Amino acid sequence: MRILDINLEEYGAKKALVQKLKSMGMPTPKTEHYRYFGIRPILDKEYIPYSPPIQSIEEADHIEIVDGMVTKAPKSIFVEFLTNPKVDDSHYDQIYYINHLLVDKTIHFELEKDMELTIVQKFTKTGAFVPYRIKISTQPGINVKIEEECIVYAEESLYLYGYDIDLAKDAILQLLQNRVTGLENFAQIASHSVRCNKNSEFRLFTFDFGVAKTLHNYHITLEENAATNANHVIFGKEKAKLGNTFHIENRGKDSRTHQFSRNILKDKARGIFDGLLIVKNPAKYSAIYQDSKTILLNDGAFMVSKPQMEIYTEYISEATHGSTTGQLDEEALFYLRQRGIAKEQAKEMLVLSFLDEIFEKLGDEKIKKEFIELYEERE
Amino acid sequence: MSTMMKIKDLHAQIGDKQILKGIDLELLKGKVHAIMGPNGAGKSTLSKAIVGHPDVEVTKGTIVYKDKDITDWEPEERALEGIFMAFQHPVEIPGVNNAYFLRTALNAKRKHLGLPPLNAAEFLRLLKEKIKELGMREEMIHRSLNEGFSGGEKKLNEILQMEILEPDFVILDEIDSGLDIDALKKVSEAINKMRTPDRTFMIITHYRKILDYIEPDFVHVLKNGKVLKTGGIEIVDALEKEGYKIFEEV
């Protein structure tokens, strides 16, 4: 099957989604957030559709999702499958609705108490088209840390997935998405929707390292006094296309968005940071901050960086954004070499210093080590 | 007296601009050589050529250091062989911890010399001893390299690096610029302590003041990319009185 061949008339039972898709149309290379990703060859390609069967869940200390189906989970987590989950009706991404349209059973994790959770996602089906959705909802006032790891074996395949996160009042959720992809012909488009209710906080760390083609589209909404702190690192090499796009809407007063992106690209890799921060009229006294910086390690690498803001209120406490793309500071590199540090090691020190703020904020040495290992890999 | 470095007929350019037009210079082991000259004479380009700065292209001539032709060597190879430059404007590198940087540099040198690396505790002991001698604040070693340092602190940090790395050939590129009199004294004292029969200093300066504190053995005057005059401290006295024009007809 081809994604472009999907016949909307066959999905009469999901009328609202069909209507939404009809009004938006299918994504094309001219669709703003897919403009630099090369969506056409992915949508145009023939895949073998794969719908994972529901199976018994083995008890484990982490959640494991293999090709879109939960295979392991801790006993303390309530897992169910939803046939008709509530869908974000203002998402900007058509793929979000296509994804929901094609999925019969959405995986739902209900988080009821403070916890640290690991979700291991395995992508194993070569040549397959695998759509699935994961819904996470929290109880009010809890503090949760989720680390998502990706293990990729699937080649020539397309995985469409995404999180629908409902963050209850006063809750804190930190989602660390560690996406290391070592296969050039693996493609993934993920559309996420995060609703932050009053006084809640969503902390997002995304690490996109590798050579694949992946795009993650995030629609985040913030109610009164809610906050999101989003931090992104892209390290792309060879012919990778790695990107993240965002619509983050400050809807309630005193809401806060802080977004920080650092990108390192080498070879012919392409990185995408396309972030729109929106302050709606009721979101008085909100603060938005967006900062994207990129280092291109050689001439063939390319970064699309589009920090944007739309503000519909006169009363805003901060609105700052900026973007720079450049090469490693030659004078700094020479300074280190003049002290006897070899050129490649000096470059690595400068690259790490560039990413230091995000690694420091996360406080996780494991991700830093993974980055160093990947950076040090020589062709 | 043995030669530390011999520069012969050195021509060098930055971009398309020819700056050094045949420098001949012999720098002796254990001696302090002052390099003076008006703006644009080629003093900084000469120091950059010696340390292998990528902006400088040597088009003719040679730099022989400890009997090895280093003209085409990489900057780090020259540094590991003992060439050190204290920069006029040390760069700030946010995110690179000062102590971590120094330990990396020292261990690179120790590896080059066939010595085992110093572990963090051994290095910290050495570092603390040196910063105490220099009268530096200890918190500076835990900060990012040169970030937010005052002009004087940056220069002291250069001297700290010199003391840790113990080079054989030291270029001090306008180390006196931007220093108040107390800081200049402190830096000069530290440099004088480092003077040994095996170490050569090349001091690039516009002003006499630093040479009152660090007495040079030789003074070389550069102009238009050539060495116009070599002599002793009397040259500095003459320059003070008459300016660089007195050497124009030499």
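Trainee: Where is B:Thr3 placed?

Mentor: B:Thr3 is in strand β1 of chain B; strands are DSSP runs of E with at least two residues, helices are runs of H or I with at least four, and both are numbered from the N terminus. This is a predicted model, in which local features need pLDDT of at least 70 and side-chain atom pairs pLDDT 80 or more, while totals for chains, interfaces and linings use all residues. Residues are numbered from 1 along each chain as written, chains are lettered from A and ligands numbered from 1 in the order written, and side-chain values use heavy atoms without hydrogens and water.

Trainee: Why is B:Thr3 called partly exposed?

Mentor: Its relative accessible area is 32%. Buried means under 20%, exposed over 50%, and partly exposed in between, with a 1.4 Å probe and protein chains only. The value for B:Thr3 falls in between, so the residue counts as partly exposed.

Trainee: Which residues is B:Thr3 in contact with, leaving aside neighbours within four places in sequence?

Mentor: They are B:Glu26, B:Leu27, B:Leu28 and B:Lys29, contact being heavy atoms within 4.5 Å. B:Leu28 is 25 residues away along the chain, yet its C-alpha atom is separated from that of B:Thr3 by 4.4 Å.

Trainee: What makes the pair B:Thr3 and B:Glu26 a polar contact?

Mentor: Their side chains are joined at 2.5 Å. The cut-off is a pair of N or O atoms within 3.5 Å; within protein, one must be able to donate a hydrogen and the other to accept it, and residues adjacent in sequence count only if both atoms are side-chain atoms. A:His62 and A:Asp61 also qualify, with a contact of 2.8 Å between their side chains.

Trainee: Is A:His62 buried or exposed?

Mentor: Buried, because its relative accessible area is 19%. A:His62 lies in the loop between β2 (58-59) and β3 (63-66) of chain A. Beyond residues up to four places away in sequence, A:His62 touches A:Lys72, A:Ala73, A:Pro74, A:Thr118 and A:Val120.

Trainee: What makes B:Asp9 and B:Lys60 a salt bridge?

Mentor: Their closest N and O atoms are 3.4 Å apart. A salt bridge is a side-chain nitrogen of Lys or Arg within 4 Å of a carboxyl oxygen of Asp or Glu, so the pair passes. The pair links distant parts of the chain: B:Asp9 is in strand β1 (residues 3-14) and B:Lys60 in strand β4 (residues 56-65) of chain B, 51 residues apart. B:Asp9 is partly exposed at 28%, and B:Lys60 is partly exposed at 45%.

Trainee: How many salt bridges are there over all chains?

Mentor: A search of the whole structure finds 31. One of them joins A:Glu32 and A:Arg35, with the closest N and O atoms 3.3 Å apart.

Trainee: Why does buried A:Asp356 have no salt bridge?

Mentor: The nearest side chain of opposite charge, A:Lys368, is 4.3 Å away. Lys and Arg count as positive, Asp and Glu as negative; His and the chain ends are not counted. The limit is 4 Å, so this pair does not count as a salt bridge. A:Asp356 is in helix α5 (residues 343-362) of chain A. Leaving aside neighbours within four places in sequence, A:Asp356 is in contact with A:Lys368 and B:Gly95.

Trainee: How do you know that the span of helix α6 of chain B agrees with its number of residues?

Mentor: The expected span is 1.5 Å times one less than the number of residues. For the 14 residues of α6(B), residues 181-194, that should be 20 Å, and the end C-alpha atoms are 20 Å apart, which agrees.

Trainee: Which residues of α6(B) are buried?

Mentor: They are B:Ala183, B:Leu184, B:Val187, B:Ser188, B:Ala190, B:Ile191 and B:Met194. They cover an arc of only 160° around the axis, which puts them on the same side of α6(B); the arc is that of the directions from the helix axis to the C-beta atoms. The face turned away from the buried side carries exposed B:Asp182, B:Glu189 and B:Lys193.

Trainee: Why is helix α3 of chain A called largely enclosed?

Mentor: Nine of the nine residues of α3(A), residues 94-102, are buried, so the rest of the structure largely encloses the helix. What covers them includes α1 (15-24), α2 (39-44) and β14 (186-196) of chain A.

Trainee: What caps the N-terminal end of α3(A)?

Mentor: A:Asp93 does, with a side-chain oxygen 3.2 Å from the backbone nitrogen of A:Ile95.
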